[in-house]
Amino acid sequence: MRISSLILLAAAIACTPKLGKSPVEKVVANMTSEEKVRTVVGTFNDVATPPPVAPGVNNRADYPGSGENTARTYNQVPGAAGDGYPVERLGIPAIVYADGPAGLRIDPRREGDEKTYFCTAFPSATLLSSTWDPALVEKVGAAIGDEVLRYGVDVLLAPGMNLQRNPLTGRNFEYYSEDPLLSGLTSAAYVAGVQSQGVGTSVKHFAANNQELYRNGINEIISERALRELYLRGFEIVVKKAQPWTVMSSYNKINGTYASENKWLLTDVLRDEWGYEGFVMTDWFGADDPVLQMEAGNDLLMPGTPNQIDELNEALASGRLSEEVLDRNVANILRVMEKTPRVKGYAYKNDPDLAAHAVVSREAAREGMVLLHNNGALPLASSGKVALFGNYSYDTQPGGSGSGYVNRAYKVTLDMGLEAAGYTLDASLAEAYRSHIAAEKAKMPEEYFWVVPTASEYKVSASEIAASAGADLAIVTLGRMSGEGGDRTAEEGDYLLSAQEKQLVKRVSEAFHRQGKPVVVVLNIGAPVSLDQLDRWADAVLLAWLPGQEAGHAITDILSGVVSPSGKLPVTLASRYEDVPSARNFGVSEGEINTVRYAEDLMVGYRYFTSAGVKPKYPFGFGLSYTSFAYDDFRIEGGELVLTVTNTGSVAGREAVQFYVEKPALSEGRPVRELCAYTKTDVLAPGASQQVRVALKNVVNPLEQWADGAWILARGTYRFWAAASSEDLRLSAQINVE
Ligand code: GLC
């Protein structure tokens, strides 16, 4: 090649912009239209067109490739959920996106590679919010972010943070709370933790993905007031407080428009009002019209199909899709990409410190367990013989199923945790349960993210119960599994305890109480169940949620008093499903097809129970400790809520303090009081006090209310409560707003 053309070539290469080295605008200006279209569509299965996800289908098969990741074109990290499109000449690599909220989900093994790629299964989201401890949640996020970084992933598809509108939602375990403030601040802590490791997050599913039934097509009719104050508020808080690199739009429609095709949602509110700086991706195979999605501000279509590429190219050629919309979306994506480890050339070595992360998982798990009932049976003596009942004692569940599943190296079940702590188990009972579970599982499919097989409850006999009553105490674990792709039912064995479960607890209770020995019930569940008469038959009830791979150790830490329980409920536990305000409008509203009306409006969870005077079994914010706390000197000073908390018991503990506000109502149907701030004390020794000070305003002003199409700070008197739960109001103070 002649010198002159060599010089020209060198010059051309030299002035070809590179992502991460040149301004994004220059990189976009250098892309062909085809490259731009490819950049806004993921590269999953480029070679084939997965079956379309028909709206209104509500089963797991509606997720193409369910069960395993069908061929991914750029399979750099096997098991990741999807990849971006590379443009080598511009220094744009194929970015890797992987699930999930309770820990990174990638394949644990690879063809011809003897190394394993296990990840740490942390406690589920609902347990994290039950800690009421953003600092701890941030620590969990950092550990997860470290695994994301070291395993070569750029963006983690988490946290899930949809409001828990109804206890039957299949993905509640992946979500935080019925309250938007607790959801938003927990989510912000999680995002800050993950992103502190230099990788991205994707807060999901924006917005109002509050059920799994017909998730791909359901149309939700929601008032703007309920949207603003409940279903969007948590996302507003996390966007303003933690700037997540990406947002994942939800499958469902809101007031007739798919979320991913909703310009009001994705551009007017998310970007223009809240100042969001990242990009928006669809949920997998979400919605219908790629052009509407582009125009709405849904920058990236994941996981991407060849159909979408064809449609966008045609729309560009016909002028239906404008080049500047495409350029805007491409720039949004590249601005995030340039922050990723892959663009920064981070050489990942697949070397996370899983042992250290297991410690974090165990610590977080015990901080989020909620002691619901205790007549003194807990904490247990430091040793003794335990008659251990219930499948979930021996097959304790760390997390839920679906994309939020984690391929962990092991799980510590409760029997293992008790034995490791020095307790001895009734051997014949343990053998009976273990062999029953093993025999049933042998007949079931291998566990993987869509399906976590659980054996039928072992039918323990009256004689086995009688024979076990020589032990010092009995523990019965009741469990529930749930996951993405389906909701639960209000039937026996699901929301309701089964006859067999009730009979088991009753019979064990009779046998052990006859000898003056205690019975403890542990709940290994991802979302509320009816607790029926458990507190009549059991001396203690511990809500362990889905506590991650260290489950057995963490539950035993609490039962044995290594730490005092300090978790509090992030959701109301209703006495009966019928008491739940959305019970008549869940799934589909009566007489409707594919439509659900959020008729309860703002009356979700404790907002309803406290306003309607309906008594729940256990209220939002409730949780017992092994010690007790006094609240003193509550006042409002310089925009801060100030309170002194004193440990008035005999063991050390932490207290999650809540502040509720009663606002002057500007419209009908407003709740009597709402959570406006919270904090958790340090570990207080017996007799010790701590003054807590919490800013009244965080990134939003919780005193505002949505009325007449705007956030309004109404004139009038605002009464504040310092509270131990939404029903345990201790001290009040008030201010007047002119
Ligand atoms: C799933 C889920 C979403 C997940 C994504 C990738 O359908 O709805 O939460 O991140 O697809 O697995």
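**Entry 1**

I began with strands E12 and E17 (residues 540-543), which pair in the antiparallel sense over 4 bridges. I note here that the model is predicted.

I then traced the sheet around this pair. It is an open sheet of 6 strands in the order E12-E17-E16-E15-E13-E14, and the pairing is mixed. Strand E12 (370-374) and strand E14 (424-425) stand at the edges with a single partner strand each, so one side of each has no neighbour in the sheet.

Next I checked what covers the sheet. Helix H18 (499-513) lies across E13, strand E15 (473-479) and strand E16 (519-524). H18 runs at about 170 degrees to E15.

**Entry 1. The cores**

I looked for the largest nonpolar core and found that it has 67 residues. Those with the most contacts inside this core are Leu372, Phe389, Ile475, Phe512 and Leu523.

I picked Phe512 and listed what it touches, leaving out residues up to four places away in sequence. Among them are Ala387, Phe389, Ala471, Leu473, Pro518 and Val519. Lys517 and Ser468 are also on the list.

Another core lies apart from the largest one and has 66 residues, including Tyr176, Tyr190, Val199 and Ala242.

**Entry 2. Helix H16**

I checked the length of helix H16 (residues 427-442) against its residue count. At 1.5 Å a residue, its 16 residues should span 22 Å, and the end C-alpha atoms are 22 Å apart, which agrees.

Which residues of H16 are buried? I found Leu429, Ala430, Ala432, Tyr433, His436, Ile437 and Glu440. Seen down the axis of H16, these buried residues fall within an arc of 165 degrees, so they line one face of the helix. On the other side of H16, I found Ala427, Ser428 and Ala442 exposed.

I then looked up what the buried residues of H16 pack against. Their partners are strand E13 (385-389), helix H14 (391-394), helix H17 (462-468) and helix H18 (499-513).

**Entry 3. A loop residue**

I moved on to Tyr448, which lies in the loop between H16 and H17. Tyr448 counts as partly exposed because its relative accessibility is 29%, and that class lies between buried, under 20%, and exposed, over 50%. I also looked up its separation from Ser403, which is 45 residues apart from Tyr448 along the chain. The C-alpha atoms of Tyr448 and Ser403 are separated by 9.9 Å.

I found an open sheet of 4 strands, ordered E10-E9-E7-E18, with mixed pairing. Its edge strands are strand E10 (257-258) and strand E18 (595-597), each pairing on one side only.

Strand E7 (residues 219-221) and E18 run parallel and are joined by 3 bridges. In this pair, Asn219 stands opposite Thr595 in E18.

I also checked helix H7 (residues 224-231). How many of its 8 residues are buried? I found 7, and the helix is mostly covered.

**Entry 4. A hairpin**

My last stop was strand E19 (residues 629-637) and strand E20 (residues 640-647), which run antiparallel and are joined by 7 bridges. Ala630 has Thr646 in E20 as its bridge partner. E19 and E20 form a hairpin with 2 residues between them. In the turn, I found that Gly638 has a positive phi of about 55 degrees.

Terms used. Residues numbered from 1 in each chain as written. Predicted model: local features only at pLDDT ≥ 70, side-chain atom pairs only at ≥ 80, totals over all residues. Heavy atoms only, no water. Expected span 1.5 Å × (residues − 1). Buried < 20%, exposed > 50% of the residue type's maximum accessible area, 1.4 Å probe, protein only. Arc of directions from axis to C-beta. Contact = heavy atoms within 4.5 Å. Core = buried A, V, L, I, M, F, W, Y, C linked by side-chain atoms within 4.5 Å. Pairing = 2+ DSSP bridges. Axes fitted to C-alpha atoms, helices over the stretch in contact; angles between N-to-C directions.
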